Amino acid sequence: MASIKEQFEIPGKLKTWAYALIGIGGVALLLGMFTQGFSKDEHEQVHFWGTLMYNTIFWTLVTNAAMFFLCFSTMAQAAWMQSFRRIAEAISTLVPVFGSITLLVLLYVVLGEKHHIYHWLDAEAVAKDPILKGKVGFLNPTFFIIWTTLAIALWSYFGYRMRQISREADENPMDAETAKSFNIRSMTRSGFFLVWFGLTVASTIPWLWLMSIDAHWYSTMYSWYTFASSFVAGMALIALWVIYVKNKGYLELTNAEHLHDIAKFMFAFSIFWTYLWFSQYMLIWYANIPEETVYFKHRVQGPYKPIFFLNLVINFLAPLIILMKRSAKRNFTLVAFMAILILFGHWIDFYQMVMGSLMKEHVTLGWLDFGILGFFVGVLILMVARSLASKPLVPKYHPFLKESIIHQV
Amino acid sequence: MAQKKFVVGCFDDEKVLFPAVKQVRTAGYKIKDVYTPFPVHGLDHALGMRETSLHTAGFIYGITGTTTAISAISWIFTKDWPLNIGGKPHFALPAWIPIIFELTVLFAAVGMVMTFMWLCQMAPGVKKHHFHKRATDDLFVMVIECTEKTNAEDLKALLASNGAVETDIQVAEEDWWFGTYDNDNENLYKQVAH
């Protein structure tokens, strides 16, 4: 094997961009926090904390999706992703960081009794409300805080364990026995994460963090919908980093064959997301029961109508039409463009999921949203780049690496 | 029904097959096909075969299905026989999407299977000549069609020098026919030389 560059060096320009984004975003964040977040006006409080909430939840779930990708690939003994697995690992190091921010924000919202974000926090209202009374075993501050803390802590811990075992493939060549036990131990560790992921991201966490904003309303599709949204955005993020790092002259072993498979994930899960979007929408539209249609009322017929349909165009029509062709999935420029579009689209999706319920009268998309987005993107760029630079880019003694090098679609 | 002359080379290993394919193509011969017991990664590429158009056909069938479904349902429910179903509008797009989707899939799937059968000339009762019985078992069988310029003996020697374990020249029916192998073999296939 010809020599390959194993050590990623952070390009100066990337650092500048990251610091600039963190700077501008940080200013916007602080400005918003002091003018709106701590203001006396409840409307402005809800605006700020809601905006911060959907951003931090979005980025936590998206970075966690990178961990999910690693774990299910390991569980399936997939080999094709080994040549760029360090990219996904680097993205997943953000889970503890964004997770802590999420935890702080949610603690503030719950302990600060922000009734206008989580209506079920209002004990007096709940006592008079038979529906909320029925949900009190699940929707109460104690359970919320314990489960949220546990979820974020265990995602971070299992993620750390997965990254740790991956480092074993850097040091020494493995003989058959070592490789076999390495494989089995990797699968066991990913199994723990996958089970916990199923109990949290694929079910309870979206109910607690997002669906309980509309405390009376429920949808059985909601968690899957949130999961699909964050997973397809996570794959787009992995694609973007793979393309960027490859563009800088690294990742010699990753080529159009690997990109093709990543883009297939982006294409397939865009359609999976639409399937869930439609399943949720059609049943509610068909049954036409007031307590269910309340969720779609101000989204389909109110001020959120343009965003609601823009969401469908960006996240369904665009990937369907543009990523359908084989040649498109193998084109680095086009996949990079689609990855940015999909990330933006699902950010908008999270925006309408949260703010569509909190700010029913008007669309608030503005400097605060983009400022906070910039802050999170800046942190993401900086920390992923640092994590990439801190370890070899390719696990060179990984038992499946050869299979990844000769991967062909 | 046309009988043609073929040079057949059999290989027992992929590792030998790939360089041989390259050598035969560099020598200027056009390989008709390589019959393998299992799908071999990269062989179509090595043979210089054109990318299949089956997916383009599949896309067209799918679009046809979508169009058929939309036009049929919208005509039936708005023009031909409008019914009031649960107070919904006659043009009730969300309710139709599952049917539109199903018809798209049905047209694409059935159409692609039919096209695949046609491209590969497969149907009940259709027979084609087998160049070697072990092509479905453990041999990689390379078949080169002879033209007037081809010196079959030279080609046989080339194949043998590139690792073919068995070579021969066959005059065989290149198209398909209806019937059975037993009755037609004498007319359609004769081993010329060893």
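Predicted model: local features only at pLDDT ≥ 70, side-chain atom pairs only at ≥ 80, totals over all residues.
1. A word on burial before anything else: a residue counts as buried here if 20 or more other C-beta atoms lie within 10 Å of its own, and as exposed if 12 or fewer do.

2. On the overall make-up of chain B, you will find 6 helices and 7 strands. Going along the sequence, their order is β-α-β-α-α-α-β-β-α-β-β-α-β. Chain B has a radius of gyration of 25 Å, well over the 16 Å that the globule rule gives for 194 residues, so it is more spread out than a compact globule. The C-alpha trace spans about 80 × 40 × 30 Å along the principal axes of chain B.

3. The domain layout is worth a look next. Chain B is divided into domain 1, made of 3–49 + 125–193, and domain 2, covering 54–119. Taken over C-alpha atoms, the centres of these two domains of chain B are separated by 44 Å. As for contacts within chain B between residues at least 6 apart in sequence, 76% of them join residues at least 24 apart.

4. Now to helix α1 of chain B, which takes in residues 14–26. This helix has 13 residues, and the distance from its first C-alpha to its last is 18 Å, close to the 18 Å expected at 1.5 Å a residue. Just after α1(B) comes B:Gly28, with a positive phi of about 100°.

5. Which residues of α1(B) are buried? They are B:Leu17, B:Ala20, B:Val21 and B:Val24. Viewed down the axis of α1(B), the buried residues fall within an arc of 110°, so they line one face of the helix. On the face turned away from that buried side sit the exposed residues B:Lys15, B:Pro19 and B:Thr26.

6. Finally, do have a look at where the two chains meet. The contact draws 5 residues from chain B and 6 residues from chain A. Sorted by class, the side of chain B that touches chain A holds 3 nonpolar and 2 polar residues, with no charged residues.

Conventions
Residues numbered from 1 in each chain as written. Chains lettered and ligands numbered in written order. Contact = placed C-beta atoms within 7 Å. Nonpolar A, V, L, I, M, F, W, Y, C, P; charged D, E, K, R; others polar. Helix = DSSP H or I, 4+ residues; strand = E, 2+ residues; numbered from the N terminus. Rg over C-alpha atoms; globule rule 2.2 N^0.38 Å. Expected span 1.5 Å × (residues − 1). Arc of directions from axis to C-beta. Domains from an automatic or database assignment.
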